[in-house]
Amino acid sequence: MSLLSLFVLIPLLMLLGLWMAQGMKQIRAVMVTGASLLLGLSFVVLGGYLSERAAGNTAEMLFMADTMWFAPLNIHYAVGVDGISVAMLILSSLIVFTGVFASWKMDPMPKEFFLWFCLLSVGVFGFFISIDLFTMFMFYEVALIPMYLLIGVWGTGKKEYAAMKLTLMLMGGSALLLVGILGIYFHSAPEGGTYTMNILEIAQNQMPIGAQRLFFPLTFVGFGVLGALFPFHTWSPDGHASAPTSVSMLHAGVLMKLGGYGCFRVAIFLMPEAAQELSWIFLLLTGISVVYGAFSACVQTDLKYINAYSSVSHCGLVLFAILMLNQTAMTGAVMQMLSHGLMTALFFALIGMIYGRTHTRDIREMGGLMKIMPFLGVGYVIAGLASLGLPGLSGFVAEMTVFVGSFQHDDTFHRVLTIVATTSIVITAVYILRVVGKLLYGSVVNQNHLALTDATWFERVAVVVLIAAIVAIGVAPLWISNMIGGSLAPVVEQLLK
Amino acid sequence: MDYTNFLLMRDELSLVAVMVLLLLYDLFGSARSLRHFQLVACLLFGLHTLICLFPHRPVEAFGGMYIYKPMLTIVKSILNVGTLLVFMQAHTWLESERTVIRRGEFYFLTLSTLLGMYFMMSAGNFLLFFIGLETASIPMATLAAFDKYKRKSAEAGAKYILSAVFASALSLYGISLIYGTTGTLYFDDVAVRITGNPLQIMAFVFFLVGMCFKISIVPFHLWTADVYEGAPTNVTAYLSVISKGSAVFVLMTILYKVFGNIVMQWQGILYGLVIVTITVANLFAIRQKNLKRFLAFSSISQAGYILLGVISGNALGMTSLVFYVLVYMVSNLGAFGVISVIEQRTGKVMMDDYNGLYKTNPYLSLVMMFSLFSLAGIPPFAGFFSKFFIFAAAASEGYYILVLIALLNTILSLYYYLLVVKAMFINPSEQPIAPFRSDNYTRVSLVACMAGVFLLGILSVVYQQISLFSFGM
Amino acid sequence: MEIRLEYYLIISTIMLFAGIYGFITRRNLLAVLISVELMLNSVDINFAAFNRYLFPDAMEGFFFALFAIGVSAAETAVAIAITINIYRNIRNIQVHHLDTMKH
Amino acid sequence: MSMEYAVLILLLPLVTFLLLGLVGTRFSARTAGLIGSGVLAVVACLAYVTAWNYFSMPRVEGVRVPVVPLNFEWLHFTDQLHIDLGILLDPISVMMLVVITTVSLMVHLYSLGYMKGERGFQRYYAFLSLFTFSMLGLVVATNIFQTYIFWELVGVSSYLLIGFYYTKPEAVAASKKAFIVTRFADLGFLIGILLLSYFTGTFSFERLTSGDASVFADAAGVTFLGGSVIAWAVALIFIGCAGKSAMFPLHIWLPDAMEGPTPVSALIHAATMVVAGVYLVARLFPVYFFQAPEVLVMIAVVGAFTSLYAAVVACVQTDIKRVLAFSTISQIGFMMVALGVSGMEGHEGLGYMASMFHLFTHAMFKALLFLGAGAIIHAVHSNEMKYMGGLRRQMPITHLTFLIACLAISGIPPFSGFFSKDEILAACFEFSPWMGGIMSFIAALTAFYMFRLYYNIFWAQPAVHEPGHEPHEAPANMTIPLVILAAISCVAGFIPFGHFVSADGQSLTTHLEGSVAVTSVVIACVAIGIATVLYRKGTNPVPAHLAERFKGLHKAAYHRFYIDEFYQFVTHRIIFRYISRPIAWFDRHVIDGALNGLAWSAQRLSYAIRGLQSGQIQQYAYVFLLGTLIIVVLVLWV
């Protein structure tokens, strides 16, 4: 039993535990125990990873385990992590952990809710540890489907429409993706060789350029849909707006990262030449995403929509940076994933908590909440500041790495796009401050809100953990940036070949 | 003539034995003992299933008329298991007041069709193939019309028999032309003498559409929805999985073995048929309100996916196809099992009737949902794996665009599967179906289906076992 | 006058299409059944004629024709049974009345 | 020599911020204030010790060498480009340390009295500490990215402090405006950094300002729209400076920023943060001077124009804090001009030295003015001049200190402003007589509006106050800082500033340029005289007449020449109405609509083809046959 498989096993055991749990107390006990174990495990893996690296282990992936699964197709259950996956694992476990606290008072059908929630986690964790395309794709889809019911049953507003739209669009993405994966598989070895799904082995073999040209766009768009690539992002605003709190958290925080991670791990790593050739198309699209999302966010009135469009912008930046195809920008991309994951989760958690009290998400109907619920207010301000890239919080580190990295190209096209992307920091400031100003500051709009209470202890746990993580990355980014950057070296090497 | 040849047909003999025993029991059993008919039938058939489970060495009997390959054991076992599951699900229906006296006939007719399928699959000659085909389809018409007091059932029977005869007439016409151009009916000899002249190709097309009728490929599928809707639910289940599964397998082996010389042509034809089938069926399915009809269109589109395994023409295709059929069988039977038991209890088959089902019958809803997810190809259910492999098979020969179209269609299909899930889990209902306890036969069969849905994919041993016996062109 | 293979084939083809035409246009279920028989019989003619003219060494065609006749008889039997059942249910055997299930 | 203890200068305020920010509410307001002030006193002492140690270090070849007691890698981009955090001690940063800690300490003390009884007292001190930390971090930055980091941090602390009264809509709007405007400018700064670092391969100030031409070798010959790429880079960086230092046209946030508590205005929006732009230009001075002299000219022009503009506007404002705000803008303009006209070597570097000197003296007397204004506002509960008048009796200490500050800013010897301003004017005259003339005129305007302010507050007609709300002198903890700052303003002019700070690090001995000094003093005196005549009694009708006479000009100046309205137009009309809304609409209707349309058309198609499944068996057979024939035809003939 490899260490990494525990990431899949623990949520599965949680499923089992939930199945047997009676009453809310037991459900919570199962969830908290499981989530804490996952969190602990991710830090154990982190520690192990860093110490292995410090000890001079230069293997591309660590903690590898490999079991033959479907021999006729040479499909393995293969796991392994590098610095990027470790970062993603930590992000996921943090958000699962806080998500549990954010949905402490789930109602109705808490058991079912958490069952699907755990299934979602299985997919997420499985995806990040997989190094076999098939396993990866399987976990990817495992993570998608629970969304339908989580939104459809426990959501709010136009939940059925949103759930359906989200599911179908993401399935559309995975349809493209599957063709891409099959294409990669059948070009993974020279004629007559044994085809393989193992990413590391495929990378050893140069795919023919013709095939790369065909399958790179498919794979990239396939993952890009989940990464909110313009114009395939429209599932995101509706989906996030309708989803229950912890689902929004997990979805925006982690699931959207699957897209970015996949783009990079599969599309770019395995098809570097096509990536070089075709990156400009997607750079344009992602460049649009970045600015477009930010502008759209400026005029929204629903808190969740604002954040959803902001996610479009920030996730656009992730893909944008990945497509810059150099180590610095890609490091920035991964850090942006981390950072966006944490802060958007924080945002959604806070929005959920505010909504739970005021029963509205329309910023026009709220005001002066800072005075009524200072804890949530301060949390919101911190999340906002992280989002607009305040130094000392994670957003700054990520964005600056992205911008500096993107600027290392010496042609006008990349430069101009980078400058366009940087303008988003101003627009972000505009919409964040607009919300903060309307929502938290000023006088209380609705007198009924005066009777509302501040955060409860479990809500505080969620918020504090997330803020702590955001600050930790923002204050001491070097180790994590080095960890990620080091793991990107093989990718960059591929690109330079 | 060497009569020992008969002994080589172990599976068929065993099946005939079961049929005869059941017939005799039905005829001569006392009314008291007949109460256990269901149990006896299932046990006997279960025994047969066990017997057929073990492959033996490849044989040819009657001068190549009858051919056995280990692959057949797998396919037959799949069909056997499926039939057994249908038998178990049919319990409630068969024990109902109007059907109870005819339950012996049900078994006999069903097993006759199964026997026909056996022969069809083992055939090495067009004659045996034809006899098997007809043996499989004529009793099917009577099964469709089994609920003889129901107008819909009678209509279904009529539509089935007429369509079937029409199709087999065209198919026979094709066979006659093949005979005329090659001078033989033996598969191996025909294969050599197929040169691809226009007459042969026309003959081949006529033959092919007959098979397409059985598999319900668009545009030869039009009977499907009506018959599925009208026939008793358990018959529909049987029709949709067993009949279709066997036909697909036969089609594949014949295409591989007999028409290998005109592979370009039939791949082209299948290419078009797959696209049309999947798309049209999905478009029809999104509007359906009657769940049986809904599953009919779903099964048509599934047939399109199954053809993706045929088109590749290699061993991977065969493995994936057989695996797909197996998974499709457990998933579809899971869904039909739920529909059947609810129809028997409440008479409701419309999608709106299922609103709020999860609140009252959580386990049935879960079974339904898992089955539908499996049909839609969602992991970790087996359907994901089977779909993946079938796409891999098609992609292995470079049919990427076809795969892409098929995959984009899965979005559409996911949409309508989710409609059912939505009805059960999300939609509120004034009058949900009241909670009830289903009988043990149904329960066992549903549990078996769920075991299949969950384990067939994850436990790779099944797929690997199938792949051991697969062969390509 | 020599009777050539083509004559049989022409006849059989005409029968086939006559059968198809009848199948598609007749209103009465029994007439439709008769049309189907025409189609099946055209096939039998084909088999017999091919065997007689092209491959007289073996008897495959004849046998096939025989079996086909048997099978078609069985089919007709079942079809008529079902027709009777329909008559019992709806008191007529007009084909276009069989459309309670559609779309 | 090692000066590691300088780290404490940064760390202590940070710790205070965290302490007060996280658990501040556990303390009583008084304790929190005392903690903040006490820590800052320690920090100030440390800064003085640092300054003492630094300036007493021996020069190397006549040059003061920078000391870097700490520098570590914080974030790694590429092997060349990495953000370091560190402490760079050189003359200007040490000078800034002194300025910041001194003013900050005064403000901390002052706030104990001024903010007494305010809700969120702990929060206030936490933010003050955060600001102090950020500002100190900014000035000691070893590289341009560190500057940017702390630049943003001061921006946010300014945002938080302006919006301190967050229930007041004006304060919220002002804070938002301040942040967004500076953020916009920072965009230029950031792009400038990206450009500069790409072509030089370094962020480090030491490398950039070393004068080593090889640093810029990569950029040689790279031009864009006629300017060298380095010129573009530093011009963009200057946009950042202009935003922070409220240069025209990015000045609009500063007057509004006066919505914050007055001590905050004194600290951030008068003495320290707003001069960050000046500081950064000074920091990068060698780059500007050697690589982009044309940008320096631009800086001088922008500075001069801003200075003139702000001075004119200041003459007609009635809100005393706004007058001071525009005065600040104008004075920063002076500093910018001084940098713009400066040279590098020896006496040519006079402008540079003068700029820094003026920064130093201005910080003191402007803080004094603001704190004084704070005391007045505290007393009369209003910012408007019309509620004041005749306060010299009720508030003698405030009056006296305010007068000293006014004299200092007007450039009357021997107060500090005289010396620094005089050197700026001298540098300007050396640059060009036009520039000198304009700046002298602005100096006169300065004297005029300051005394207009002074007379309106302390002389003129006493306003009627509600009984029980009579103005009274501020408590001791507010007046003591005033007195201290006044004392500094009196003597600071005599510091041999060129000895400590100069463009090339050599010691620069300055002497009064007789002609310039006399002219400026005379002009200032004349201006003061006019102001005395016009405003001393508060009954002179001439100002009203003038306002009536030049109605258009007066109104325009009063409305700050409608720059704000223009911005309002751009942001609300163009950005919101013509960009954001259409994009949001596009997203909802076109992109989303396309998807929904896809779904809809699938449904329609489904309905359209349902006739295929007519239920008629004969039609089925027909389709069957047709399908067969089509396949045959296709296979045989296609």
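**Covered elements and chain contacts**

Q: What makes strand 2 (residues 82-89) of chain D count as mostly covered?
A: In this predicted model, 6 of the 8 residues of strand 2 of chain D are buried. A residue is called buried if 20 or more other C-beta atoms lie within 10 Å of its own.

Q: How do you know that strand 1 and strand 2 of chain D are paired?
A: The two strands of chain D are joined by 7 bridges, and pairing asks for at least two bridges. They therefore count as a pair, and they run antiparallel. One of the bridges links Leu75(D) with its partner Ile83(D) in strand 2 of chain D.

Q: What makes helix 10 (residues 262-271) of chain D count as mostly covered?
A: Of its 10 residues, 10 are buried. Among them are Thr262(D), Ser265(D), His269(D) and Ala271(D).

Q: What covers the buried residues of helix 10 of chain D?
A: The cover includes helix 3 (91-114), helix 4 (121-139) and helix 5 (144-162) of chain D. It also includes helix 9 (253-256), helix 14 (320-341) and helix 15 (350-380) of that chain.

Q: Which pair of chains has the most contacts?
A: Of the 5 pairs of chains that touch, chains A and D have the most contacts. Chain D puts 36 residues into this contact and chain A puts in 40 residues.

Q: Which elements of chain D give two or more residues to the side that touches chain A?
A: They are strand 1 (67-76), helix 5, helix 6 (169-200) and helix 25 (563-608) of chain D. Helix 6 of chain D gives the most, with 12 residues.

Q: How do the residues on the side of chain D that touches chain A divide by type?
A: There are 24 nonpolar, 5 polar and 7 charged residues on that side. Gly is counted as polar here.

Q: How many residues does each chain supply to the contact between chain A and chain B?
A: Chain A supplies 25 residues and chain B supplies 27 residues. On the chain A side, at least two residues each come from strand 1 (62-70), helix 5 (133-144), helix 6 (146-154) and helix 7 (159-185). Helix 7 of chain A gives the most, with 11 residues. The chain A side that touches chain B divides into 19 nonpolar, 4 polar and 2 charged residues.

Q: How do you know that chain A and chain C do not touch?
A: The nearest C-alpha atoms of chain A and chain C are 25 Å apart. A contact requires C-beta atoms within 7 Å.

Q: Why does the radius of gyration of chain A agree with that of a compact globule?
A: For 497 residues, the globule rule gives a radius near 23 Å, and chain A has 21 Å, which agrees. Along the principal axes, the C-alpha atoms of chain A fill a box of roughly 75 × 60 × 45 Å.

Q: What else describes the fold of chain A?
A: Chain A has 21 helices and 2 strands. Of its 497 residues, 68% count as buried. Among its contacts between residues at least 6 apart in sequence, 80% join residues at least 24 apart.

Q: Why is Asn74(A) called partly exposed?
A: Asn74(A) has 19 C-beta neighbours inside 10 Å. Buried needs 20 or more and exposed needs 12 or fewer, so Asn74(A) falls in between. Asn74(A) is in the loop between strand 1 and strand 2 (75-81) of chain A, and its phi is near 60°, positive in a residue other than glycine.

Q: Why is Phe62(B) called partly exposed?
A: Phe62(B) has 16 C-beta neighbours inside 10 Å, so it counts as partly exposed. Its place is the loop between strand 1 (59-61) and strand 2 (66-68) of chain B. Phe62(B) is not a glycine, yet its phi is positive, about 50°.

Q: What is omega for the cis peptide bond from Phe230(A) to Pro231(A)?
A: Omega is near -5° for this bond. Pro231(A) sits in the loop between helix 9 (209-226) and helix 10 (235-242) of chain A.

Q: What is omega for the cis peptide bond that joins Pro379(B) and Pro380(B)?
A: Omega is about 5° for this bond. Pro380(B) lies in the loop between helix 17 (362-376) and helix 18 (382-396) of chain B.

Conventions:
Residues numbered from 1 in each chain as written. Chains lettered and ligands numbered in written order. Predicted model: local features only at pLDDT ≥ 70, side-chain atom pairs only at ≥ 80, totals over all residues. Contact = placed C-beta atoms within 7 Å. Helix = DSSP H or I, 4+ residues; strand = E, 2+ residues; numbered from the N terminus. Rg over C-alpha atoms; globule rule 2.2 N^0.38 Å.
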